[in-house]
Amino acid sequence: MSAIQLNQDNLPTIAAQIPCPTYNRTDIKTGIVHIGVGGFHRAHQAYYIHQLLQKHNIVDWGICGVGIREGDRNMYNVLTQQDGLYTLSVQHPDGQIHSEAIGSITKMLLAVDTPELVLNTMAHADTKIVSLTITEGGYNFHPQTGAFDFSNVDIQHDLNNQDNPKTVFGYLAAALKRRKENGLQPFTVLSCDNIPHNGAVARKMLLTFVQKQDTELAQWIEQNVTFPNTMVDRITPVTSKADIDYIENTHQLKDGWPVVCEPFIQWVVEDKFCNGRPPLEKLGVQFVPDVVPYEKMKIRLLNAGHSVLGIPGAIHGHATINDCMDDPVFATFMRQFMDKEATPVLDALEGIDLETYKDTLEERFANPNIKDSVSRICSESSAKLPKFLIPTIHDNLQSGGSIKYATLLLAAWCYYSDKQVNEKNIPLEIIDAKKEELHQAASTTVNNPVGFLALTEIFGDLQTKDRFVQEFKKMITLVYEREDIRSVMKDV
Ligand code: CS2
């Protein structure tokens, strides 16, 4: 039997192969515009909304996906061709795979092609939430000072072309302006990125931008728009050719961009929605008054834990996070980092046992079927580590706590950025907006062991902290002299 293309017309046939939406997709209203449709959004928020439709037939919160950048064109093309449908394959540790077709994204738009349509959709009365997964690097702030970066050329363009924006802040501002002028309520801006205080950061960035553009609008936003903080969680590897082939060979289904993910899913949200929200509590989403401690726990344990495995893993030649976890030296190192450095500087969280949380993380990372590549984890480390790892070092410098595991990680990152090949001399796949700067700074290490730390945009004032500098020099020597990261991790 030849494979059948995933799309709306073929759903009745496909339903014999995998579970498909049983709700009527033509009834769905667009209540959410989501900017940044990637694997994560489709494994997480779009899956929750799908369940809301499937289990509760609540139709007001369908998703219109928006790609802001030219780089979003492939996703736009694939999902448009598939009428927004895609397959989600949940990979269980025991080898079971549960695939189903998800139908909550009803429309895709590409802002570079149809900017007016994007603005009109965002400004439409039915749209009540604009959610974002624009990555840690997408918020346009200086990693150390947190200040909005007005030097960005696209931001400059948006300041002067209010009705013809290019950036996410330009779009949010222009759409909110239309709503204000049309006497409509605003939408909630819902950040779903791994940034501490993600809602507060989104608010600060948008307001700083709009204050330069239109002070009246800024005031209206300040008074009327809400930006709940959220903690989002589901490990979603990059889709591979093997994942696409699996869907085709097992289910006779052609899906140009399926999503694979782990079974675990979590969403903790502040209940601050200025224009209503979906009843996600029906699906286990936790609504709490203060998300900050949850975010901090997740970012400093899960996300940092990933980096603590991923960077040395890439140097050693482990391909995936589960390969790292199969290596007792790596698994022990990661747990030591979590126990000795990350945990002591976390705040207590009522109802959460951190030991159990960390045990669960170990199981999740070790899931042999998740095959989460170390290159995904290492990607954009320049945006991630200032959020995931460096604050833990600062806290421990202050409290007198251990810093050796996190410091070794930074020394390993220096080696990784400098050499750009692994210990088997195979080129590393480095994906980072600051790849060149990192390489330049790291390559001064031969003459100056702390040369890497000159990147103050990333490391802040770490180069002025004596205890850290001593530890960093020691780790650099070990990493560069031995050229065997695993043995350094073992002895640390
Ligand atoms: C990862 C995250 O990007 C990373 O480095 O740690 O993408 C992680 O998999 C997700 O935040 C899990 O919720």
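Visitor: How many salt bridges does the structure hold, and what makes a pair count as one?

Guide: The structure, a predicted model, holds 29 salt bridges, each being a side-chain nitrogen of Lys or Arg within 4 Å of a carboxyl oxygen of Asp or Glu. Local features need pLDDT of at least 70 and side-chain atom pairs count only at pLDDT 80 or more, whereas totals for chains, interfaces and linings use all residues. Residues are numbered from 1 along each chain as its sequence is written, and side-chain values use heavy atoms, with hydrogens and water left out.

Visitor: Why is the pair of Asp113 and Arg73 called a salt bridge, and which parts does the pair tie together?

Guide: The closest N and O atoms of Asp113 and Arg73 are 2.9 Å apart, and the rule asks for within 4 Å, so the pair is a salt bridge. Asp113 lies in the loop between β6 (105-110) and α5 (115-122) and Arg73 in helix α4 (residues 73-81), so parts 40 residues apart in sequence are tied together; helices (H or I, at least four residues) and strands (E, at least two) are DSSP runs, numbered from the N terminus.

Visitor: How do you know where domain 1 and domain 2 lie in the chain?

Guide: The domain assignment gives domain 1 as 4-288 and domain 2 as 292-491, such bounds coming from an automatic or database assignment. The contact between them, meaning heavy atoms within 4.5 Å, takes 34 residues from domain 1 and 29 residues from domain 2.

Visitor: What is the area buried between domain 1 and domain 2?

Guide: The area is about 2500 Å², with carbon and sulfur atoms giving 61%; buried area is the accessible area (1.4 Å probe) that two parts lose on being put together, summed over both.

Visitor: Which residues are around the ligand, and what distance separates Asp233 from a ligand oxygen?

Guide: The residues around the ligand, each with a heavy atom within 4 Å of it, include Asn194, Asp233, Arg376 and Lys384. A polar side-chain atom of Asp233 lies 2.6 Å from an oxygen atom of the ligand, and the corresponding value for Arg376 is 2.8 Å. A polar contact is a pair of N or O atoms within 3.5 Å, and a side-chain N or O atom of Asn194 is 2.9 Å from a ligand oxygen.

Technical notes: Polar contact = N/O pair within 3.5 Å; in protein donor to acceptor, adjacent residues only side chain to side chain.
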